[in-house]
Amino acid sequence: MKTCYFWFTLLVISLSSWPLAAEDGVFDQYRDLMGDDNPAVFVIDEGEELWFAAQGPKSVTLDSCDLGLGPGVTAGAYARFPRYFADTDEVMDLESRLVHCMTTIQGRDLETVTEKPYSLRGDLGTEMEALVTWLAAESEGAKIAPEQTHAAERAMYTLGEEIFFYRAGPHDFSCATCHEQSGMRIRLQALPDLTSHSGAAEAWGSWPAYRMSQGLVRTMGWRLRDCFRQQRWPELQMGSEVSIALQTYMAVNAAGGIMTAPGLKR
Amino acid sequence: MKGLITGVLVTLGASVASWTIASDDIQAVMQSSFVTKNQASMERLQQDAVQSVCSAPRGMPLDNKTLTTLREERLNAVVLPADGQYLGDWQRGAEVAGNGRGLQSSDDPTKPNGGNCYACHQLAPDEVAYGTLGPSLTGYGARGQSEAMLQYTWTKLWDTHAYNLCSHMPRFGAQGILSEQQLKDVMAYLVDPASPVNQTEQ
């Protein structure tokens, strides 16, 4: 194991000092080299343990949590998000659904479970990150197929599209500033075109992802929050309408693509 | 004058309402989805006329008259350098062009903002980490330093919408992202023959 970490560290060092373009080529090589050895495997295990761990005042597991395919059904569930749930009468993303299950099934305090969903740099990962990583792995290889049958789900897509193009803040940035054209990059970072099927499928399908530069698995909720930080906007809240609407916009554009998460990103 | 501006805004508001689906709700959605974090306050989610008009999803037809009026309004609002001098120090300009910090919730508000030009533009040929969202500006100085050229370039930096309404570029002067001196330094970085941007014969 130690040897494995040695090579991994060496790779991270050599990749971070890599001088020039062909950038994605380098990371493709890295992914090939790592094979199935995405460090996210440890987080997947942790997430599974947490799902089956009795927690909260009711001291029960999340095993009766309904992610849309029935209580306790985890295989393929993430690939169907975001979706409408009749019990809450809301369109939910996976993160807000997990919060719902923690507070209702396990009886845990809402404020406590939503206080710090995403790690700060240097942290070792949160419960939310671990659960989402495991549930994403439970959908690996599944076809991306978010529900668009309920009127609320279709309205959420329309809202997501409107927010995607909404320009604001001192820099006038919207999501579209960086993500409505193909083949573009910011500095050396390639930018997916999220208005296209292929761009959305690649992006949506590969989150959550292990970020080598941070040594952490990051969820799509975090990815959106950090995009808005760079847009110079205030802080996006987990499970908020904007977050769920944008995830719906991406997932529906990505429909028919394949879930490859947890991904591996620089 | 105030009446005229109000009139323009009302017209813009009407044209916006014709393509947005949930414009009545969107402010409420925004307000409930974000919280102020350090210097990134909730007021930043309020749109001005440019932001509102330029939020139309791609391909949405916009009224030509509205666009022309708004573009002219932006052009008339451009503030040229008070002393008539467009050019500062290209070396300081290089720092501004390479600095991506400023105005993010994670940034120190006591430090100067960057222009982050390299995020989107190629400039000095020996800087390989440049983005491609904007056109390459390598060799920009070949355009010369005529008054017209300098004024054009200043205006583009001050408020891109004065020439190209709904361009993706930030309004570095009009939105107060960069100071007048920083803009002068970036100007020099672009047009000074000694600037690395213009060392194209290697």
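Across the interface of chain A and chain B of this predicted model, the rule finds 27 residue pairs in polar contact, with both residues at pLDDT 80 or more; a polar contact is a pair of N or O atoms within 3.5 Å, where within protein one must be able to donate a hydrogen and the other to accept it, and residues adjacent in sequence count only if both atoms are side-chain atoms. The rule also finds two salt bridges across this interface, a salt bridge being a side-chain nitrogen of Lys or Arg within 4 Å of a carboxyl oxygen of Asp or Glu. The contact, defined by heavy atoms within 4.5 Å, takes 40 residues from chain A and 52 residues from chain B. On the side of chain A, A:Tyr166, A:Arg167 and A:Arg187 supply 20% of the area that chain A buries against chain B, more than any other three residues.

Chain B is itself divided by an automatic or database domain assignment into domain 1 (2–55) and domain 2 (90–198). Between these domains, 10 residues of domain 1 are in contact with 10 residues of domain 2, and B:Gln39, B:Val50 and B:Cys54 supply 57% of the area that domain 1 buries against domain 2, more than any other three residues. The rule finds five residue pairs in polar contact across this interface, again with both at pLDDT 80 or more, and the residues on the side of domain 1 that touches domain 2 divide into four nonpolar, three polar and three charged. In this classification Ala, Val, Leu, Ile, Met, Phe, Trp, Tyr, Cys and Pro count as nonpolar, Asp, Glu, Lys and Arg as charged, and the others, Gly among them, as polar.

The table gives the buried area, which is the accessible area (1.4 Å probe) that two parts lose on being put together, summed over both.

| Interface | Buried area | Share on carbon and sulfur atoms |
|---|---|---|
| Chain A and chain B | about 4,200 Å² | 56% |
| Domain 1 and domain 2 of chain B | about 760 Å² | 53% |

Residues are numbered from 1 along each chain as its sequence is written, and chains are lettered from A and ligands numbered from 1 in the order in which they are written. Local features need pLDDT of at least 70 and side-chain atom pairs count only at pLDDT 80 or more, while totals for chains, interfaces and linings use all residues, and side-chain values use heavy atoms, with hydrogens and water left out.
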